[in-house]
Amino acid sequence: MRSHFDEQLALLNKELIEMGALCEEVIALSSKALTAADKELAKKVAPLDAKIDQKERNIESMCLKLLLQQQPVARDLRQISAALKMITDMERIGDQAEDIAEIVCFLDGRSAENDDLMREMARATIQMVTESVDAFVKHDLLLAEKVIADDDIVDAFFDQVKSKLIKKIGKEPSDGEYALDLLMIAKYFERIGDHAVNIAEWVIFSVTGVHKEE
Amino acid sequence: MSNIITIDKLCLWYGSQQALKNVSIDIPEKSITALIGPSGCGKSTFLKTLNRMNDLIPGVRITGSVKYGETDIFDVATDVSELRRQIGMVFQKPNPFPMSIYDNVAYGPRTHGTKGKAKLDDIVERSLRDAAIWDEVKDRLKKNALGLSGGQQQRLCIARALAVAPAVLLMDEPTSALDPISTSKIEELALQLKDKYTIVIVTHNMQQAVRISDNTAFFLLGELVEYGATEKLFSQPVDKRTEDYITGRFG
Amino acid sequence: MLNGKLSRKRRGYIALMRTLMYACAALICALVLFLIAFVLVKGVPNISWELLSTSPSYLKERIGILPDILNTVYIVIATLFIVLPLGVGAAIYLTEYAKNKRFVAFIESAAETLSGIPSIIYGLVGMLFFCQFLGMQTSLLAGAMTLVIMNLPTIIRTTQESLKTVPQSYREGAFGLGAGKWRVIRTVALPGCVDGIITGCILSVGRILGESAALLFTAGFAHALNGIFEGLTSAGATLTVALYVYAKEQGEFGAAFAIAAILLGLTFLINLAAALTQRYFRRKKAL
C-alpha cells in the first residue's frame, strides 16, 4: 500500500542526504582554504553554495507537494516537516561557508595566525556537521544528542579565539582589520555549529515526535 | 469533563463469531469521539450496542457492561424505548420515513407521548433549526421528505434524532453517502452540536476524524487497540498497529 | 470483420420459427375472442332488468337472479371480513415477529400447498367440517368459511411480499427513535404495504366470484331472497352456482348464459380495478 508514497519518501531522503553531503563538502572546502590561505580553493565555494540553494528549493517543493497530495500523519508527517526545517539550516550552513570563503579571498594570502585554534575550531565544526547528517541518515538518536552536546566545545573555542584576538588588537591596533576578519570567521564557524545543532534537534523530532527546546 | 458512557470488557458474538473482544472505553460528555478502523473491525457493531440496536439482530450474545450514567443498559429493568430516546442514532444512508417533513421530525416526540399541535410545531421548528435545515424546508413542511436531496435528507434525519432531546448522538458514517459540500455542512453541524450533545461518530474518513473529533478510538478485528486525544493519536500513536493503519501502510 | 448476411438456411429457419410463434399467439387470441364473443352473443340478449331485479317465481314462470346477486355480495363481504384480519395478521407475524426460520418456512410451504388443492376437495371438507361438524348446515356462512381457507394463502402471500418491500432502514430509523415493535409496524411498515393488501383483496374477490365447486357443497343452491344476516345463516346460491343449476338441472340456458355474461363483465371490472389500484399506488410512491 502507498508504495508510490514510500518511493517519494525514499526520494526525499536521498535528496536530503545529498544536500547534507554538499554541506559537509562546502564547509571542509572553506576551512581548508582558510588554513592553507588558498584563494583558488576559496573561489570553488560559491558554486557549491549555489548548488545547495538549488537543492533547498527542490526539496521544499517536494515536501509541499507531499503534504498536499498525501495528507500524511504520524511518522510520515514528522519526517516531512523535519525535512522542511532541516533544509533551512543546511542552506544557512552553505551561506556561512561561502561567507568564510569570501573573507579568505579578502585576506589575500595571509595565513591565520591563530592557526592551531582556528584549525581546531574548524575541525570540531566540520565534525558536528558530518555527525548531524549521519544522525539523520541512520536515525541515530545518540549521535544527535552528541552533536547537541558538542556545541559547547565549539562555543568554548569561539570564546578562546575572541579573547586571543582582543589581546592581539590591544597589542597591534593597526592590524585591527585582520583581527576582526578572523573574529568574523570564528563567528561563522560558531553559527554553523548552531545550525548543526538544529539539524540534530529535528532528527530527534522526526524519530520521537519531541522537539528539544533549550 | 465527566464520562457519560462507560464500557467495561464488552464482548459480542454474532452466533459463534466474536465481533467485539473485551472493549473497555469511557466516552466523555459534550465532545466528539471518533471510531476508526478497517472494514469489519467492529466499530459499527460497537456503536449499535450503545443504544441496544443490536437487540434487533437475532442470535446476538453480549457480555460485559455498558453504563449510561449510572444505569447498566442491559439490565432487565431498563426501558429500552427511553434509552433510545436519550441515545439517538443517525444512519449511514439517510432514511427519512415516507411521510411529510413535519411528520418525520414529529415522529419521535409523538412516540414518546407529546401531543398538541402547538407543542409539536415548536419542537419541529427547534429541531430543524438545530440541524441547520430550517430555512431550506420551512415553506414545505407538509411535503414528502423523500423529495429532498441526499444531504438535506441526512440533516433531516439529524433533526429527527434531535427532536426527542437526546443527550448522546450516535452517527454511523453519516457522510459516506454524501457529496463533499453536504459532508462539510454536516461536519460543521457536528462541531456546533457538541456544545449541547455528546457525539460518537464512526468514520472511514480519517481526515474527517482529525478535523472534527476530540478523541479517537482505533478498532481492529474486534479489539480496541488505542484510544486517546485525536491530535496525539494522529501525530504520535502509541501502538504500531495504529500507526500502520493511519499512515495507510495497512494490509 | 463480421460477415453481413446469415446463410439462407438460417434465415429460413428464423422465418419459420417466427411464423410459428405468430400462429400460436394468433390462435390464443382467437380462442379468447371466440369464448368472449360466444358468451356475450348468447348471454346479453337474455339480460333484462326483470332478470336482474327479481327472484324466481314458479307462479309467474319468471327467472330472476336478484337473490343470487345478493348471495354473492353477502359471501364476498363475509369472506373478506374474516380473511383480511386473519391473513394480514398472519403475514405480519410471519414477516415481523417470527424468529424461527424453519417454522416460517413450514407455514409458508403449507400455505402454498393449500392454494394448490383442487377446490372441490375444499367443498367436501367444508361440508363435513363446517356444515356437519360445526353445525352450520348448508349456509352462506359455511361457504364463506371455506372460501376463507381457500383465500388465506393469497392474502398472506401478497401482504408478505408487500411488507418485504418496505426497506428495513425505515424500521431501523423508527426503532432508533425509541418506538416499540407494534408502533413501528403500525406506523412505518403497514402504511407502506396498503397497496399490496388491497391488491390481494381484489384478487381474492375475483377468486370468490369465480368459485363454484366448493360452494355447491357448502352453501347449497337455494334462491331465497334474504337480508344479510338471514342470508348468511341460510343456504343460498351464488351467481356461479346458479349458473350451474340453471344450465344443468333446469335446462335454462338463456339464463345461464346471461349469468355467464354478467360474470365475465365482473371479472373484467375486477381486473381493471386491480390494475388501476396498482397504477395509483405506484404513482403515489414514485412521487
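**Helix packing and chain contacts**

Reply: Helix α3 (residues 101–111) of chain B and helix α6 (residues 150–162) of chain B pack at an angle of about 35°, and their axes are 7 Å apart. Helices (H or I, at least four residues) and strands (E, at least two) are DSSP runs, numbered from the N terminus. Axes are lines fitted to C-alpha atoms, for helices over the stretch in contact, and angles run from 0 to 180 degrees between N-to-C directions. This is a predicted model: local features need pLDDT of at least 70, side-chain atom pairs count only at pLDDT 80 or more, and totals for chains, interfaces and linings use all residues. Residues are numbered from 1 along each chain as its sequence is written, while chains are lettered from A and ligands numbered from 1 in the order in which they are written.

Me: Which residues of α6(B) does α3(B) meet?

Reply: Contact means that C-beta atoms, placed from the backbone, lie within 7 Å. From α3(B) come B:Ile101, B:Asn104, B:Val105, B:Tyr107 and B:Gly108. Their partners in α6(B) are B:Leu156, B:Ala159 and B:Arg160.

Me: How many residues of the contact of α3(B) with α6(B) are nonpolar?

Reply: Ala, Val, Leu, Ile, Met, Phe, Trp, Tyr, Cys and Pro count as nonpolar, Asp, Glu, Lys and Arg as charged, and the others, Gly among them, as polar. By class, this contact has 2 polar and 1 charged residues, and the nonpolar ones number 5.

Me: Which element gives the largest share of the side of chain C that touches chain B?

Reply: Here 15 residues of chain C are in contact with 24 residues of chain B. Two or more residues each come from α7 (168–176) and α8 (181–192) of chain C. The largest share, 6 residues, comes from α7(C).

Notes:
Contact = placed C-beta atoms within 7 Å.
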